[in-house]
Structures are given as C-alpha cells and as structure tokens.
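Keep the picture open beside the text as you read.

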Amino acid sequence: MIAIDRFDEAAFAIMQQAAIDIPEDYRLGIRSMVDGETQDLSSFVLKTMLDNWEAASGDRRPMCADTGLPRYYIKVGNDASIEGGFVALERALRHATARATQEVPLRPNRVHPLWRTDSNNNVGINAPEVEWSFEPNVDWVDVTTVHKGGLFGTDYRMLFPGDGIDGIKRFYLDTLVAFGKRGLCCQPAIIGVGLGGSKDTCMQLGKQAACLRTVGDRNPDSKIADLELELKDMANNIGMGPMGFVGSSMAVDCHIEVGYTHTGGMPISVHTFCLSSRRATARVHADGKIEYRTDPRWFTPYMRRDTVDWSAS
Amino acid sequence: MSELKQVRLSLPATAEDIATLEPGTIVFLDGVVYTAREGVYQKVIAERKPLPIKLDGLSNVNFHCSPAASRNDDGSFNVGGVTATASFRFSKWMQDWLELTGTRIVIGKGGMPRDDYKNILAPMGAVYLTTVGYGTGALLGRGITKVRDVFWLDELGIAQAMWLFEVENFGPFIVDSDLKGNSLFATHGDQINKGLGALYKGLKAPALRRYGETDNREDEVL
Ligand code: SF4
C-alpha cells in the first residue's frame, strides 16, 4: 500500500520541476537546431531560449509565465494499491496543483469558460485533467504532469481513406503554416500527430504523442517511424523558423500515434508542444520511494496492443 | 547574429529614441512598464472608468502580458516570470488607448495586423516591439526589479489586472514596426508565402472540403 502523502510530495515536485527545468531531450534538440539555422533572427531567438532556460533553472523561476493548462497523466501498475484509493489520489493531485500555483508561483490560468471566474489556483471543473492508464505486472504508480500552452497549434480534421498520405501531409502543412505564422504556437515544437480512433481518441492520441514522447523517440512500427521523420523534415522545409521569421526551425521532432478507426474514415489531429515543453514524471514505488525523470514512458507495448488478450511476457 | 543591432532605452521613451528603432533591432528597457489587456481596455475605454494612475511622464510602454505572480503574506508580490499574450486581439482598442494614455511603445506577442501599424500606431508616433520566443518568461522576470503598483487586482485577477513594473535591462525585445508602419513580421511572412505553393505541389486535395475553407495561402490568419 502506497501512503497517500507520497503522492502529495511527488505531484507537487513534478509541477515545480516541469515549470522550471526544461527537459534535457528538448533542450539538446533546440541546441542542435541553432547550428543548422542560417538566419540571423531565427538563430537569435533560439539562443535567447537557451538563455531563458538557464535563467529559469538558475533562479528557480518558471521558464514561461503562461502556465498553459497544467494536467496529469497517471499510469497505475496492476499490482499497486493506494492508501485511500483513487479518490484520495485525485484529491492529492488537485492539492498539489493549488500549492504549486501559490509556491512556484504559476500564473492562475484556469477560468470558467462562460463566467470567467478564477479560483486563482488552477483548479476547477475538469481542471486539472487527469488521464489514467494501466500497466500489467508492476506495483508502482507513474505520475506525469504536462503544462502545455493552451491557445494555438492544435487542429483536427476528418479525412477519408482515399485522401491517403497526401491528405495527411496537406493537413499537417495547413496546421503548421497557420499556427506558425508570427510564431503563435511558439515553435520549434515537438509535433504530435494523432491518426484514427474516434474523434476524441484522435485528439487525445495526437496530444499524447506531442507531450508524452521525448525528442528522438520513434514509433515501433518502422513505416510509421519513417513517416515521422519525413513529416519532421517537411516542417523544417516550410521556410519558417521561430516566431514565423524566415528560417528552417519548425519541428524539433514529430511523433505519430495511431488508433483503429471507422472503416470509412481517417481522422487526423495535429498538436504542437511549444518552446516551453514542460513535462516531468515521478515513479512512486510500493515502498514509498520516489524517482524523478522527464521521459513519461507513457506508450508502453501494453498501451499499443492490438490483440484481444494480453499475455505477460 | 552579430549583425543584429542592439539598443538600450530609458523610459518613458523620447520621440527621438523611438524614431531610431528599425524593424529587427534588439531592444532592452530601463524604467517603468505597465500592463493592460482586454480587462483594462474594457473598463477604461468601453465603461469610461478613469485611469487609476496618471501615466503621463511615468510610463509610455504598454505590455500585453500577465505575470506569474503570487501575493506574499506581507502583501508584497512574488513575480516569477512574465510572458506576453497575442496582441492582435486588442486591435480594436488601440486607437483610443494610445490617444488617451500617450503610450508610444506597445509590447506583446506576434504583432498587430499590418494595417494597424500604418493607420494607427505610426501616425501616433508609436511602435510595436515583440517579445522573443515567445516563452522567455524567466529572462523577462529577471528584468523586473519591483512591482511599483497594481490596480484592479481583485476585480480582474492576476492575469488581467493593471501592473506597473520597475524594470532594468528588461528584454530582449525585437522591433516589429517602425514609424513608417513597416512590419518585420509582415516582411518575413511575405517571403515565406512565396515558397508555400511549392510545398503543396503534387499533394492532391482532400475529397471533402471544409465550409469556409480558402486556398489563398497568403490570407492573414489574424
Ligand atoms: S505556447 Fe508555450 S512558450 Fe508560448 S507562451 Fe504559451 S506556454 Fe509559453
């Protein structure tokens, strides 16, 4: 049984870490883009971002004042048990969010969509979102937080099987050009593409592909992996850099996730995880020990299974 | 990168200083900067509430942003970072606001529509600076030495309240528009647009088009 106060501690610590320390995979990705960027202004922006992350880590202040929408992804080991159960864990996550808002501090970003009421703690109806997944044969719980920029860079479209890869590429370009102009999506981004599923699954997969996989990670299906690299290059050949200036830095990486979909359709979603790609994960072990990292390791073989049964191997 | 021009301005900025700013120049600021966005514009322009403080002689720089701030127990503020918010949404208020406050530098994210520079900002002697990145919250947070005042905090909340910041070596910012109404964003956009046709070449259009869809890739999304 994992004591509930372990989750209070872990959920707060990752909120703080995500807000302040840029994940190393993303930082190295941007650093290598500086060398490839021949345009003065675009390379100035990238270098300034590197300075910004240093200032954030050095001063222990948030890297971006726009908190985005802080949220949690939880992966529960099938053999884990939590003191007070899942309701207690959800309560711990809401507490940690309110505490981080005050103590980091994070800008209170969450308001009611109609009445614009703000409880000044990033907590409200359906906020923070908590998404759940499971993992066989283990007794730990992984708690991941993501603070994704909220307003720009995401779109969805119902394509049809006949639209094929061309349709995917066109929609991908449409989205990147539209949101890349003037840099509204704060590129270079980790781009997530969701393909298939139902509409909501399609959105969810694309978002998770952007936010829960690290720079350099490839889809285990080799043809999808090739398409990831092709789309990444395509983004960097638009002719656009950070802030929509002339340049060649649009995508730090591109990740694709798929879900079985309606036989007549091929829904697609595109998401961009911005220059403040904030994510952090804590693994809470059965004995209460907590380990921190920046790779969420969300897409396990179990998550991507296509069989009826799952046999533990 | 070494070719980019850099300047440091004391605030309130003089007309002469503003006249020297060219699109693409990197700028750092010293003095007092205030924040105002839809909440403040709505109050002052639409509801005709008086400005809570006389800005003339104090600050002529309007930053479209909101801070990551929290109130300490002693009533003081802890400002972690500041990040700009997209400015094009405030276009409709700009003319009245500049006239009312004497503001000459507008700072934000992403610039304003090109026509606003020609028709509103430049004729008023005002220019637009953009933040960099845009996620340079920590660097900008470092540049804020003190919260000088905050108005309408309870009514409008932290994000929308009117903040007055004392700043030092506050930046970097990049000049988008100059006094002739030129825009760096627009110039770069034009250049990128020229290459877009080639990108789509050979990719067949989807079977079903979307209502309201346009194929003109030069349309401004703003
Ligand atoms: S998109 Fe990201 S980097 Fe840009 S302002 Fe939002 S959170 Fe910050």
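## Where the chains meet

In this predicted model, chain B and chain A bury about 5200 Å² between them, with carbon and sulfur atoms giving 62% of that area. Why quote an area at all? The size of an interface is often given as the accessible area lost when the parts come together. In terms of residues, 58 from chain A are in contact with 68 from chain B.

Two salt bridges cross the interface of chain B and chain A. One of them joins B:Arg142 to A:Asp59, where the closest N and O atoms are 2.7 Å apart. Several elements of chain B give two or more residues to the side that touches chain A, including strand 4 (65-71), helix 5 (137-143) and strand 9 (162-177). The largest share, ten residues, belongs to helix 7 of chain B. By class, this side of chain B has 34 nonpolar, 20 polar and 14 charged residues.

## A ligand between the chains

Where does the ligand lie? Its place is between chains A and B. Chain A surrounds it with A:Cys64, A:Asp66, A:Gly149, A:Cys186, A:Cys274, A:Ser276 and A:Arg278, while chain B brings B:Thr83 and B:Gly135. Sorted by class, the shell around the ligand holds three nonpolar, four polar and two charged residues.

## Two domains in chain A

Now turn to chain A by itself. Its domain assignment gives domain 1 in the pieces 4-21, 63-149 and 278-293, and domain 2 as 151-273. The C-alpha centres of domain 1 and domain 2 of chain A are 26 Å apart. Ten residues of domain 1 and 13 residues of domain 2 take part in the contact.

How much area do domain 1 and domain 2 of chain A bury between them? The value is about 910 Å², 57% of it on carbon and sulfur atoms. On the side of domain 1 of chain A, the residues that lose the most area to domain 2 are A:Tyr73, A:Lys148 and A:Arg279, together 62% of what that side buries. The count of salt bridges between domain 1 and domain 2 of chain A is zero, but four residue pairs are in polar contact there, both at pLDDT 80 or more. Strand 3 of chain A supplies four residues, the largest share of the side of domain 1 that touches domain 2. That side divides into two nonpolar, three polar and five charged residues.

## Two domains in chain B

Chain B is assigned a domain 1 (6-182) and a domain 2 (185-222). Taken over C-alpha atoms, the centres of domain 1 and domain 2 of chain B are separated by 32 Å. Nine residues of domain 1 are in contact with five residues of domain 2 in chain B.

Between them, domain 1 and domain 2 of chain B bury about 590 Å², and carbon and sulfur atoms give 61% of this. In domain 1 of chain B, B:Phe88, B:Arg114 and B:Asp176 lose the most area to domain 2, together 66% of what that side buries. One salt bridge is counted between domain 1 and domain 2 of chain B. You can find a salt bridge between the side chains of B:Arg114 and B:Asp190, at 3.0 Å from N to O.

Terms used: Residues are numbered from 1 along each chain as its sequence is written. Chains are lettered from A and ligands numbered from 1 in the order in which they are written. This is a predicted model: local features need pLDDT of at least 70, side-chain atom pairs count only at pLDDT 80 or more; totals for chains, interfaces and linings use all residues. Side-chain values use heavy atoms; hydrogens and water are left out. A residue is near a molecule or strand if one of its heavy atoms lies within 4 Å of it. Ala, Val, Leu, Ile, Met, Phe, Trp, Tyr, Cys and Pro count as nonpolar, Asp, Glu, Lys and Arg as charged, and the others, Gly among them, as polar. Domain bounds come from an automatic or database domain assignment. Contact means heavy atoms within 4.5 Å. Buried area is the accessible area (1.4 Å probe) that two parts lose on being put together, summed over both. A salt bridge is a side-chain nitrogen of Lys or Arg within 4 Å of a carboxyl oxygen of Asp or Glu. A polar contact is a pair of N or O atoms within 3.5 Å; within protein, one must be able to donate a hydrogen and the other to accept it, and residues adjacent in sequence count only if both atoms are side-chain atoms.
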